Amino acid sequence: MSATQNPVFTDWTPQHAELFKHQPLRLAHRLHESPLFSRAALASLIENYPRKSYNLVHMGPAGQRRLWREGEIGDLSGTEVIDAIENGRIWINLRDVRKIDRRYDELLTGVFDELKQRMPDFDTENQGMGILISSPKAQVYYHCDLPGQALWQIMGRKRLYLYPNTPPFLQPHDLEDIALFGHEIDMPYQPWFEEHATAYDLEPGQMMHWPLNAPHRVENFDCLNVSMTMEYWTQEIRRKHIVNVGNAILRSRLGVTPKSRATDGPGFLAKAVMQKALKNRKWTMRGAEKKGRPPVDFRLDRARLGQIVDLPKVDASPAAV
Ligand SMILES: [Fe+2]
């Protein structure tokens with residue numbers, strides 16, 4: 001794909017290059033026209049998706065956010081899985097798609113190549129994508145993400161609420177908790193934050209990119225939704241991550257309130273060295289991440305698409321991390 005011949009971004013102007021990263025941007029794209037995102041292609045992708053690389057979540061009754069349960073697709077075909085999502089309160093997140101299927105890897109490479117053509121200074125690493133298929137009216141609660149993020153709408157409509165990436169909406173210790181423990185969804189939220197939110201409606205052929213770490217939440221309209229999430233790291237984002245983890249360790253393990261968020265200089269280097277030294281300790285991010293994953297306790301019901309069947313309880317003793 002090239003920025004001039006068959007661009008992914010169809011309404012890009014030079015101003016967008018200047019605004020990118022600094023301001024929320026809603027841009028037009030053509031990924032929803034790709035055969036890789038047809039219902040049939042997605043069904044076949046789901047059918048062959050490794051169990052360890054997807055999350056299937058049942059959201060429980062409306063309004064009860066703590067009742068999220070993790071499940072598996074069981075013996076349903078990909079088409080039936082999508083039908084179940086369309087009729088239930090379920091979402092499936094196909095993670096690391098580019099590692100699972102080379103065609104999506106090529107698609108994402110094309111997107112980043114085009115961004116690099118349009119913004120020569122945009123040097124990214126560890127680019128990733130996920131495909132999120134979610135039920136009508138499904139919600140993603142208030143959270144922020146550590147890497148650079150964009151949301152591409154493929155099917156259905158949703159509303160994205162975006163908040164400033166500054167206190168009180170985002171506090172340094174929120175980023176630290178996420179960096180160390182992966183607690184994205186536990187960010188403090190107040191209903192009055194809504195007065196400061198900007199809402200963006202997204203339909204197929206639109207995508208959003210927003211400033212780093214900007215908190216957001218999402219509400220689906222009353223229809224099946226398919227979205228692609230895209231993430232990337234840059235040198236700058238990686239350095240910020242080192243600061244977040246370093247400050248998290250200072251605050252939560254050593255009882256020191258971190259004073260600096262500098263991404264260079266002696267303090268930064270000390271944090272980087274400390275993390276290398278502590279990399280495999282059990283309370284670092286990796287260990288915490290494993291610990292926090294809920295057990296798989298349901299499968300989709302083939303006879304009643306949209307409903308779930310409880311799996312027998314397994315007495316899982318906590319794995320050593
Ligand atoms: Fe997010």
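## Basis

The model is predicted: local features need pLDDT of at least 70, side-chain atom pairs count only at pLDDT 80 or more, and totals for chains, interfaces and linings use all residues. Residues are numbered from 1 along each chain as its sequence is written, and side-chain values use heavy atoms, with hydrogens and water left out.

Helices (H or I, at least four residues) and strands (E, at least two) are DSSP runs numbered from the N terminus. Two strands count as paired if DSSP finds at least two bridges between them.

## The ten-stranded sheet

Ten strands form an open sheet with mixed pairing, in the order S1-S10-S7-S12-S5-S4-S2-S3-S13-S14. Its edge strands, each pairing on one side only, are S1 (25-28) and S14 (308-310). From one strand to the next the twist averages 30°; axes are lines fitted to C-alpha atoms, for helices over the stretch in contact, and angles run from 0 to 180 degrees between N-to-C directions.

Strand S7 (residues 148-155) is mostly covered, with seven of its eight residues buried. Buried means under 20% relative accessible area, exposed over 50%, and partly exposed in between, with a 1.4 Å probe and protein chains only. S7 is joined to S12 (residues 225-233) by seven bridges in the antiparallel sense, and in this pairing Gln 149 has Glu 231 of S12 as its bridge partner. S7 also pairs antiparallel with S10 (residues 206-209) over three bridges, where Trp 152 stands opposite Met 207. Elsewhere in the sheet, S2 (residues 54-58) and S3 (residues 69-72) are antiparallel with three bridges, and Leu 56 stands opposite Gly 71 in S3.

## The four-stranded sheet

A further open sheet has four strands in the order S6-S11-S8-S9, with antiparallel pairing. S6 (139-143) and S9 (198-202) are the edge strands, each pairing on one side only. Neighbouring strands here are turned by 20° against each other on average, direction ignored.

Three bridges join S6 to S11 (residues 216-220), and the two run antiparallel. Gln 139 stands opposite Glu 219 in S11.

## The second largest pocket

The second largest pocket has a volume of about 380 Å³. On a 1 Å grid over the protein atoms alone, a pocket is an open set of points where a 1.4 Å probe fits, with protein on both sides within 12 Å along at least five of seven lines; lining residues have an atom within 4 Å of a point. Grid points are joined across faces, edges and corners, and the volume is the space filled by probe spheres set on the points.

The lining has 21 residues, with Asn 165, Pro 211, Leu 212, Asn 213 and Lys 240 nearest the centre. By class they are nine nonpolar, eight polar and four charged (nonpolar: Ala, Val, Leu, Ile, Met, Phe, Trp, Tyr, Cys and Pro; charged: Asp, Glu, Lys and Arg; polar: the others, Gly among them). Helices H6 (172-181) and H7 (235-253) each supply at least two residues, and H7 gives the most, with three. Domain 1 (14-233) and domain 2 (235-286) each contribute at least three lining residues; these bounds come from an automatic or database domain assignment.

## Backbone exceptions

The peptide bond from Pro 167 to Pro 168 is cis, with omega near 0°. Pro 168 is placed in the loop between S8 (158-162) and H6.

Two non-glycine residues have positive phi: Asp 96 at about 50° and Lys 137 at about 65°. Asp 96 is in the loop between S4 (90-94) and H4 (97-100) and counts as partly exposed because its relative accessibility is 36%. Lys 137 lies in the loop between S5 (125-134) and S6 and, at 52% relative accessibility, counts as exposed.
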